[in-house]
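This briefing is meant for a reader who is meeting the structure for the first time.

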Amino acid sequence: MIQELFFAYFAFAIVVLSILVITRRNPVHSVLWMLLLFFHIASLYLFLNAEFMAAIQIIVYAGGILVLFLFVVLLMNIREEVRINKFIGAWPTGFTFAAGLLVVIIMSIKSFIAAPPGIYSIDLIKQETHTKVLGKLLYTEFLYPFEVASLILLVAIIGAIVLAKRRLKP
Amino acid sequence: MVPLSWYMFLSMVVFAIGVFGFLSRRNIIIMFMSIELMLNAVNINLISLSHYLQDLRGQILAFFVIAVAAAEAAIGLAIVIALFRNKATAHVDEVKEMRG
């Protein structure tokens with residue numbers, strides 16, 4: 001009972017906060033609501049016995065990505081932003097598409113068949129601690145994708161510098 | 001115990017909100033934030049499936065999604081800064097040189 005109540009609170013808060021994120025006129029308010037949203041999602045991960053993912057969610061998203069967003073938002077003209085219409089003219093098309101997508105995915109949930117459970121039961125994870133189990137799996141079975149992910153981050157760093165730097169005078 | 005389908009419903013609703021925000025906001029930064037919202041919805045789905053199916057591979061996948069989201073945010077915001085430098089606007093309907 002108490003679990004359902006907690007889940008209901010977090011689900012309600014996550015939905016309301018995501019609606020607030022995409023409807024605020026002032027982008028700074030959007031970023032701050034998104035910070036609160038990420039904390040709620042991290043607490044949802046704690047429910048699912050994924051402590052490491054909750055920590056990563058807060059460190060990477062709230063600590064890294066949102067600060068980046070806040071820097072760029074503060075570059076723009078917020079006075080003009082609060083005066084102008086926040087949605088483009090064709091917003092009903094976007095709304096129809098999103099609602100249709102939601103209906104289609106919800107209809108497809110009925111045909112979901114769960115796979116047979118794997119070997120990482122909750123007891124095993126509790127016994128070995130979550131971070132250790134995840135690290136073992138990441139550095140043995142998923143070592144190659146892990147290296148590819150590091151390459152992606154390197155390419156992103158170089159690409160961001162190349163895109164954002166000033167052109168040199170010829 | 002909360003059933004798995006509740007988590008899936010939550011993730012779908014957040015994903016649909018992200019799709020709506022991406023398709024209908026005028027400000028390009030809010031469009032990027034909608035993409036982050038969609039990626040977070042996928043992460044909720046992956047981690048809940050990983051918990052209920054007792055298989056950690058879903059969380060590994062969510063880990064890679066977070067890495068790609070960080071790379072995407074860096075590249076996207078660099079593109080926004082380049083756009084500011086050339087056009088001094090952040091509104092997608094004022095950028096129409098390509099006649100799309």
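**Where two helices pair, and how one chain is built**

In this predicted model, helix H3 of chain A, residues 51–73, packs with helix H2 of chain B, residues 28–52, at an angle of about 175°, and their axes are 12 Å apart. Because angles over 145 degrees count as roughly antiparallel, H3(A) and H2(B) are described as roughly antiparallel to each other.

**The contact between H3(A) and H2(B)**

- On the chain A side, the residues of H3(A) that take part are A:Met53, A:Ile65, A:Phe69, A:Val72 and A:Val73, and they meet B:Ile29, B:Met33, B:Glu36 and B:Ile47 of H2(B).
- Sorted by class, this contact of H3(A) with H2(B) has 8 nonpolar residues and 1 charged residue, with no polar residues.

**The fold and dimensions of chain B**

- Chain B has 3 helices and 0 strands, and from the N terminus on its elements follow the order α-α-α.
- The radius of gyration of chain B is 17 Å, well over the 13 Å that the globule rule gives for 100 residues, so chain B is more spread out than a compact globule.
- Along its principal axes, the C-alpha trace of chain B spans about 50 × 25 × 20 Å.

**Burial and contacts within chain B**

- Of the 100 residues in chain B, 52% count as buried.
- When contacts in chain B between residues at least 6 apart in sequence are considered, 44% of them join residues at least 24 apart.

Methods
Residues numbered from 1 in each chain as written. Chains lettered and ligands numbered in written order. Predicted model: local features only at pLDDT ≥ 70, side-chain atom pairs only at ≥ 80, totals over all residues. Helix = DSSP H or I, 4+ residues; strand = E, 2+ residues; numbered from the N terminus. Rg over C-alpha atoms; globule rule 2.2 N^0.38 Å. Buried ≥ 20, exposed ≤ 12 C-beta atoms within 10 Å, placed from the backbone. Contact = placed C-beta atoms within 7 Å. Axes fitted to C-alpha atoms, helices over the stretch in contact; angles between N-to-C directions. Parallel < 35°, antiparallel > 145°, perpendicular 65-115°, else oblique. Nonpolar A, V, L, I, M, F, W, Y, C, P; charged D, E, K, R; others polar.
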